[in-house]
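Please consider the model displayed here.

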Amino acid sequence: MPTQEADLALVSVEKTRCHNLIRLANLLLDRAIQSLSAARGNNVPVSQPFD
């Protein structure tokens with residue numbers, strides 16, 4: 001059915017969008033933690049992104 005294929009395509013796009021937003025949020029959290037740690041004089045390693 002064409003509608004099922006279209007629905008699956010939309011789900012795939014939404015999953016990709018969510019994954020990208022999660023990666024961006026993780027990056028922003030890492031930067032915020034680094035900034036706070038630098039302000040306190042702590043050295044916190046950067047977490048590695050997961051794929």
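## Basis

This is a predicted model, in which local features need pLDDT of at least 70, side-chain atom pairs count only at pLDDT 80 or more, and totals for chains, interfaces and linings use all residues. Residues are numbered from 1 along each chain as its sequence is written, and side-chain values use heavy atoms, with hydrogens and water left out.

## Fold and surface

The protein chain has 1 helix and 0 strands, these being DSSP runs numbered from the N terminus (helices H or I, at least four residues; strands E, at least two). Of the 51 residues in the protein chain, 2% are buried; buried means under 20% relative accessible area, exposed over 50%, and partly exposed in between (1.4 Å probe, protein chains only).

The accessible surface of the protein chain is about 4700 Å², and carbon and sulfur atoms account for 63% of this area. Areas come from the Shrake-Rupley method with a 1.4 Å probe; for residues, only the protein chains shown count as cover.

## Salt bridge

The count is 1 salt bridge, defined as a side-chain nitrogen of Lys or Arg within 4 Å of a carboxyl oxygen of Asp or Glu. Glu 14 and Arg 17 form a salt bridge at 2.9 Å, N to O. The two residues lie 3 residues apart in helix 1 (residues 2–40), about one helical turn. Glu 14 is partly exposed at 38% relative accessible area, and Arg 17 is partly exposed at 46%.
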